[in-house]
Amino acid sequence: MVPQVTVIGILMIVNGSLSVLLGILYAVMGPVMFTMMTRQNAAAAPPPEVQQIFTWVSIGYVVAGSVVAIAGLMNIAGGISALKFRSRAFVITALFFNILPTFTCYCTVTSLGLMIWGLIVMFQGDVAHAFSLGASGYTPDEIKRRMADREYRRDRQRDDDYDDSRRDDEDRPRRRRDRDDEPEPPPKRSAPPGTADDDRIQEK
């Protein structure tokens with residue numbers, strides 16, 4: 001699972017960058033739409049109720065864009081931390097922030113997929129150990145090398161244990177069959193009189 005942390009970190013940066021662009025687009029779209037509608041109705045002033053609706057819609061776009069942009073920035077920062085194997089709790093928190101862009105109906109599939117996959121990987125024991133090594137000052141390359149050696153030793157130990165069990169089975173003495181357990185040979189049948197075997201026995 002440790003090599004997958006690098007892939008998740010890269011995807012978090014990419015997804016976060018897209019979320020930031022989407023958030024900026026939403027934040028700019030609201031005021032622009034409000035300004036265009038106001039200019040179109042400059043000759044005939046809209047009722048206060050309509051103007052209030054335009055204002056709230058514009059504010060809603062700005063708030064939604066800001067939230068999505070914050071989620072994207074969290075993903076970018078979390079991805080950088082994942083690449084460095086630093087601050088596992090912060091990476092997990094950044095993954096949970098992928099819930100926010102889903103309310104805009106954009107990046108829903110990628111955000112939820114990345115969040116679920118990332119959380120599964122981040123809660124693995126070997127990944128937690130790798131982040132503890134990162135907190136101790138090890139570089140990402142050293143962490144990957146140490147974890148690869150650890151996996152190799154674990155697989156080698158498993159193979160050695162399997163070979164020992166096979167060797168024990170081969171070295172275990174086999175139970176010899178007793179003579180009483182051996183089946184008795186069938187009794188010889190005497191040749192009927194007048195046959196060739198009977199004549200040979202009489203000649204002897």
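Which residues make the nonpolar surface patch of about 340 Å²? In this predicted model, the patch is made by Met1, Leu112, Ile116 and Ile120, and the sections below place these residues within the chain.

## The chain as a whole

The protein chain contains seven helices and zero strands, so that its pattern, read along the sequence, is α-α-α-α-α-α-α. Of its 204 residues, 25% count as buried, and the chain exposes about 14400 Å², of which carbon and sulfur atoms supply 60%.

Helix H4 runs over residues 108-122, which makes 15 residues in total. From its first C-alpha to its last, H4 reaches 21 Å, which is close to the 21 Å expected at 1.5 Å a residue.

The buried residues of H4 are Ser111, Leu114, Met115, Gly118, Leu119, Val121 and Met122. When H4 is viewed down its axis, these buried residues fall within an arc of 160 degrees, and therefore they line one face of the helix. The face turned away from this buried side carries the exposed residues Val109 and Ile116, and Ile116 is also one of the residues that make the nonpolar patch.

## Met1 in the patch

Met1, another member of the patch, is found in the segment before helix H1, which spans residues 2-40. Met1 has a relative accessible area of 38%, and it is therefore described as partly exposed.

## Helix H3

Helix H3 covers residues 88-96, and within it Val91, Ile92, Ala94 and Leu95 are buried. These residues cover an arc of only 160 degrees around the axis, which puts them on the same side of H3.

## Ala130 in helix H5

Is Ala130 buried or exposed? This residue is found in helix H5, which runs over residues 125-135, and because its relative accessibility is 0%, Ala130 counts as buried.

Once its neighbours within four places in sequence are left aside, Ala130 is in contact with Val2, Phe85, Ile143 and Met147. Ala130 can also be compared with Val5: the two are 125 residues apart in sequence, while in space they are 9.8 Å apart, C-alpha to C-alpha.

Definitions and conventions
Residues are numbered from 1 along each chain as its sequence is written. This is a predicted model: local features need pLDDT of at least 70, side-chain atom pairs count only at pLDDT 80 or more; totals for chains, interfaces and linings use all residues. Side-chain values use heavy atoms; hydrogens and water are left out. Helices (H or I, at least four residues) and strands (E, at least two) are DSSP runs, numbered from the N terminus. The expected span of a helix is 1.5 Å times one less than its number of residues. Buried means under 20% relative accessible area, exposed over 50%, partly exposed in between (1.4 Å probe, protein chains only). The arc is that of the directions from the helix axis to the C-beta atoms. Patches are made of residues with over 30% relative accessible area and no salt bridge: like charges are joined within 9 Å, nonpolar side chains (Val, Leu, Ile, Met, Phe, Trp, Tyr) within 5 Å. Accessible areas come from the Shrake-Rupley method with a 1.4 Å probe; for residues, only the protein chains shown count as cover. A salt bridge is a side-chain nitrogen of Lys or Arg within 4 Å of a carboxyl oxygen of Asp or Glu. Contact means heavy atoms within 4.5 Å.
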